[in-house]
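Let's take a walk through this structure, starting with its open spaces and ending with a pair of helices.

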Amino acid sequence: MIQPATIGGLFITATDTAVGKTVVTAAIADWFRRHGRIPGVVKPVATGCQRRREGLVSEDAEILAHFADSRHPLDVICPQRYVEPLAPMIAADRAGEPLDWGAIDRTVRTIASDSDVLLVEGVGGLLVPLDAKHTVLDLIQWLRLPVVIVARAGLGTINHTLLTVRALRASGAGVAGVVINRYPAESPSVAEETGWRAIERLGKVPILAIVPEVKHPFGLAMPSDIAGAIDQCDWQAAAGGGREGREKVVGGRQEESRRKEGRR
C-alpha cells in the first residue's frame, strides 16, 4: 500500500507505548538539523489527539515539527488523527473513519521530496494494529527504512527488546540499533545497569544511545543531557543502512557493519 521511501532515513519504533519514541525522534531530528541537514518528520497515525479550533492536532507531531524546524503543516506531518487514545484500528472503527493509506503515502512522498533524511515515528510497538489487516510492522516493511528501537531501562526490557529485534529480523527489516530511554543516570538499579549490556550481547544489536531521564518539563529547547546522549551516535551513518542489514554502533562501544549481499 505504501511505496518504499525515496530517501534514506529511520523508522523509530518502541517495545511498547509511552516509552518515549517522540522525544527520541525529536532529538534525532534536532541532531540532523544541528549538523546542517534537513530532516523530514512523519507521524503517519496518531491517537489521543486534541480537539482545537483548527481541528484534531497530534501533540507528538507538534514536538517533531518544532525540533525538525519543519516547513510542513501538522496535518501533513500527521495525516491520520483520532481522538481516543486507543490502537489505531480500534480508534478508527469507533470514529467511523477508516485509515486512509493514500493520505499516508502522499505525506511520505511530499515530505521526502524536500528533505535530506526521513524520520518516521510509529505508534506503540510492532504488532499494534493499524487496521484489520495491517500492523506497524507492515508499514516498516513497505517503507524499507532501518529501524531504531526505543526501549525502557528497567526490569523486563531485555525480554521486550529482544522480542522486538527478533520480529524485525524475521520480517527482513534492517535493525539500526536500540536507544535506551529514561535511564536514571544518578541512581540506576542493578537491572538498569545490566539490562542494556545483555540486550547488546544477546541480541547482537548495537546500543546507539542511552538517554537519561529528564526531571524538568520538555520545552521548546532540547535538554542538553538528551542532546549530549544523542550526540554519541552518528545518525547519518545509522540512516544510511537501508535494508542491507547494516548495523553500526558508535559512541566508543563497538562498530560493526553487516551486509546481506555478499555474505556467505
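The lining of the largest pocket splits into 14 nonpolar, nine polar and seven charged residues. Here Ala, Val, Leu, Ile, Met, Phe, Trp, Tyr, Cys and Pro count as nonpolar, Asp, Glu, Lys and Arg as charged, and the others, Gly among them, as polar. This is a predicted model, where local features need pLDDT of at least 70 and side-chain atom pairs pLDDT 80 or more, while totals for chains, interfaces and linings use all residues. Residues are numbered from 1 along each chain as its sequence is written, and side-chain values use heavy atoms, without hydrogens or water.

That largest pocket holds about 530 Å³ of space. Its lining takes in 30 residues, and Thr17, Ala18, Lys21, Lys43 and Asp60 lie nearest the centre. Helix H1 (21-34) and helix H2 (59-68) are the elements giving two or more residues to this lining.

Next comes the second largest pocket, with about 210 Å³. Of its 13 lining residues, Leu56, Arg81, Tyr82, Ala95 and Glu97 are closest to the centre. H4 gives the most to this lining, three residues.

Now for the helices (DSSP runs of H or I, at least four residues, numbered from the N terminus, as strands are: E, at least two). H7 (residues 157-171) and H8 (residues 190-203) pack at about 30°, their axes 9 Å apart. That makes H7 roughly parallel to H8, a label for angles under 35 degrees. The contact between H7 and H8 involves six nonpolar, four polar and one charged residues.

Conventions:
Axes fitted to C-alpha atoms, helices over the stretch in contact; angles between N-to-C directions. Parallel < 35°, antiparallel > 145°, perpendicular 65-115°, else oblique. 1 Å grid on protein atoms, 1.4 Å probe; cavity = no way out; pocket = protein on both sides within 12 Å on 5 of 7 lines; lining within 4 Å. Points joined across faces, edges and corners; volume = space filled by probe spheres on them.
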